Amino acid sequence: MDCDSSFSSSLDGSGHAHRREFLKRLAIVAGSSTLLAELPWWSPLRAAPVGDSPADRVRIGIIGVGTRGNLHISHLLRTPGVEIAALCDDYEPHLQAGLARVKGAKGFADYRQMLDMPGLDGVLIASPLYLHARMCLDAFSAGKHVFCEKSLAYTIEECQAIANAHRGSKKVFQIGHQRMFSPVFLRALELVRNGEIGQITQIRAYWHRNGNWRNAVPDPSLEHRLNWRLYRAYSCGLMTELASHHMQVANWFLGTHPVSCAGYGSINYWKDGREVYDNVNVVYRYADNTHVVYDSLISNRFYGLEIQIMGPKGTIEAEAGRLYAENPPPAPGIVQLINGIEHGFFDTVPIGGPSWVPDLKQDTKGHYLVHDKPTDDGTAISLAAFANAIRLGEPIPGMMEQACRAGVCVLMGQASMEQQKEIAWPEEFKE
Amino acid sequence: MLVVETLLPGPASGTKVFHHSCFVMNTRFSMVLVEMDTERAEALAIAAERDLRAHERMMSRFDAEGPVSDLNRCAAEKAIQPPEGLWEVLSLCRDYSKRTRGAFDITLWPLNCLWREHLGRGEEPTGKAIKEARRQTGFKRLHFDEAAHTVRFQREGMSIDLGGFGKGYALERLAGSLRAHGVERAFLSFGESSITVLGSHPHGPAWPVGITNMFHPSETVHTFHLHNASLSSSGTAPFNHLGGPRAFGEIIDPHNGRPIEGYRTMSVASPSGIEAEVLSTALLVTPERDRAALVSGFSTISAVEIVYHSNAGMFVPRIAWKYGL
């Protein structure tokens, strides 16, 4: 099986020049991929490589400089043609730490003041979930392009409001589902579409960790602010913060959203005052009767994280980057034997030769999807796409649809667990 | 699991074929069943794979927690009682060692390591090193306590390797199970070097199996017609299964502690999978003049030795010895 891929370029090496060269190569790949119809969000990457002139520079402000915001700073500092012009955080220690990393950036405690800053092209929102909608809507109103971290929003109504506002604004919108730009996931999609695993008959995904999922809090009064993921007023916990990634991939690979879901969740281990479930189990049903089975917990990490895309001919484990054939191919002599019997021939089965001292055990471990596994999970490429789209002044096609589908999915799952009933896809939802 | 529907264009005979392959015992196992309901065939394949994996766990020297590793690690220090299945296997190996006058030997691992290490560096081990390694080999240095069912190594550094026995043993067991389940026709193959058939080919009186020229795989050198029989091949090749070069033929002659030379294969057909497996190696390391005497103590077998001679830069196969044909 040919597992080489045009997407197998690595993003290792951190230099600016390296990244520029990588993006140049990526532009060629993006322009030639046969999968582009299914990857409309790759189109900004086909743009001509960015130069050094001030006209090419995109000025971005980051709202929320916590863990994820800091990771984005690292990537944006190495993304050609991007200037981090402003940072915003209402938690002073985070803001100061961020400003120390980004020379010349202006600091804000209130994002609305940052939106008023002249010359700012776009914002990157890495704030707690419950603030996403408000910040997106205000940014669109202020005429800014928006990169919003996942999950899209805290409620389905808010997801709808963001989609509506974006439709009217004509601005670039991007969601932080980086697997849409991961070379490994693109290769997985290519193999699925080439029929390597046959029809997708089930997707199983999980994200398991073993830890309390808490940040250290210097003062009890900051508990909700710094550990917002644990409290229901700010987050839906495992569903929005982890499951949204794999639900985005599931919807993408299945080419649609689920029609309904049902699940159970509970707090069965970390009984420390948190309000969000520490274990969740949800099954999603799609119109063609394919199911996506999802579970997540934070009291065991043996299985880690994975999304298994299954079909009658094979299984893809996209996080591990491997493809497992359902049935190892028989040796040529056996194939000849089977053919002969089926067609009524009485032929000699040829054996011997070099294959008769086989050592094929490694095949039980599957085939690598790409041989040169990139060190980037798609985040760096996705930020380059965002910057390019702003430069081109064109919205990223297909992006809001992916954001809404994943965002609504996880909220359906949360509702199902909380209400203990099956929840249908909101038919009135307009992506 | 796969029910092969159509692999070739043209009209099918209507004979239903079920095929299952899996990786087990360090090789690819294939099972072909014919004229059988798919559900039944699948159930048999699942059971077969489960049994083969159990055999692998029992006999593999590469499972650090397995009973063979226990033995290799501790049996020089004290008598070890292996699980009953492994005791049975070791006892069988001892019997076959006697019946082949030491030509079949599961204790050659120290010599294997010595040669692999030296040839990997492009040199031969010294005579002294070979002599020392030979002191760590030989069935006479394996002490069996029949009453306690324990095994003890008489020297430090001894190590057993069931690689030349396990596949034949597993095939013989599997064939017995399939027969017990009423299976009358089957083709079972371990990496094509160990084959067992039940009954005959659905369109002929036997299962014809051709030993191909290893340098020209499209050319068959000899064809065995198997009916309720097993076929095992051992030998040396200049390349590994991927076509890459091999430094070491891997078959050690226990009589002198050296790897056998040249490119040769020995294929043995026997009603017993174990005997085919044992004899394919034992005959290869036994001088031609002694082979007839060696096989006279076994059930009806047929055997072919193919030797590859270099001729104007080409390797040409020749049937150098045959028996029972």
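Predicted model: local features only at pLDDT ≥ 70, side-chain atom pairs only at ≥ 80, totals over all residues.
Does B:H149 count as buried, partly exposed or exposed, and how many C-beta neighbours does B:H149 have inside 10 Å?

Figure 1. B:H149 counts as partly exposed, because 17 C-beta neighbours lie inside 10 Å. B:H149 is found in the loop that runs between β4 (142-145) and β5 (150-153) of chain B, and its phi is positive, at about 55°, although B:H149 is not a glycine. B:E35 also has a positive phi, near 55°, in a residue other than glycine, and its place is in the loop between β3 (27-34) and α1 (38-59) of chain B. Since B:E35 has 14 C-beta neighbours inside 10 Å, B:E35 counts as partly exposed.

**Figure 2. Chain B as a whole.** The secondary structure of chain B comes to 8 helices and 15 strands, and its C-alpha trace spans about 65 × 55 × 40 Å along the principal axes. A compact globule of 325 residues would have a radius of gyration near 20 Å, and the 20 Å found for chain B agrees with that. Of the 325 residues of chain B, 41% count as buried. When the contacts in chain B between residues at least 6 apart in sequence are considered, 58% of them join residues at least 24 apart.

**Figure 3. The contact between domain 1 and domain 3 of chain B.** Chain B is divided into domain 1, made of residues 11-60 + 163-200, domain 2, made of residues 66-153, and domain 3, made of residues 206-325. The C-alpha centres of domain 1 of chain B and domain 3 of chain B are 23 Å apart, and the contact between these two domains takes 17 residues from domain 1 of chain B and 18 residues from domain 3 of chain B. On the side of domain 1 of chain B that touches domain 3 of chain B, α6 (166-180) and β7 (194-198) of chain B each supply at least two residues. The element that gives the most to that side of domain 1 of chain B is α6(B), with 6 residues.

Figure 4. Strand β13 (residues 322-325) of chain A is joined to β15(A) by 2 bridges, and the two strands run antiparallel. The bridge partner that A:R322 has in β15(A) is A:Y368.

**Figure 5. Helix α12 of chain A and the glycine A:G413.** Not counting residues up to four places away in sequence, A:G413 touches A:M239, A:A243, A:C261, A:G263 and A:V282. A:G413 and A:G61 are 352 residues apart in sequence, and their C-alpha atoms are 32 Å apart in space.

**Figure 6. Two nonpolar cores, one of them between two domains of chain A.** The largest nonpolar core has 114 residues, and those with the most contacts inside it are A:I62, A:I63, A:I125, A:A188, A:F253 and A:I309. Helix α12(A) gives the most to this core, with 11 residues. Domain 1 (16-179 + 377-396) and domain 2 (183-326 + 365-375 + 406-424) of chain A both give residues to this core, so the core lies between them. A second, separate core of 83 residues includes B:V24, B:F153, B:L178 and B:V304. Leaving aside its neighbours within four places in sequence, A:I63 is in contact with residues including A:C88, A:Y111, A:M114, A:V123 and A:M135.

**Figure 7. A cis peptide bond in chain A.** The bond that joins A:K150 and A:S151 is a cis peptide bond, with omega at about -5°. A:S151 has its place in the loop between β5 (145-148) and α6 (156-169) of chain A.

Terms used
Residues numbered from 1 in each chain as written. Chains lettered and ligands numbered in written order. Helix = DSSP H or I, 4+ residues; strand = E, 2+ residues; numbered from the N terminus. Rg over C-alpha atoms; globule rule 2.2 N^0.38 Å. Buried ≥ 20, exposed ≤ 12 C-beta atoms within 10 Å, placed from the backbone. Contact = placed C-beta atoms within 7 Å. Pairing = 2+ DSSP bridges. Core = buried A, V, L, I, M, F, W, Y, C linked by C-beta atoms within 7 Å. Domains from an automatic or database assignment.
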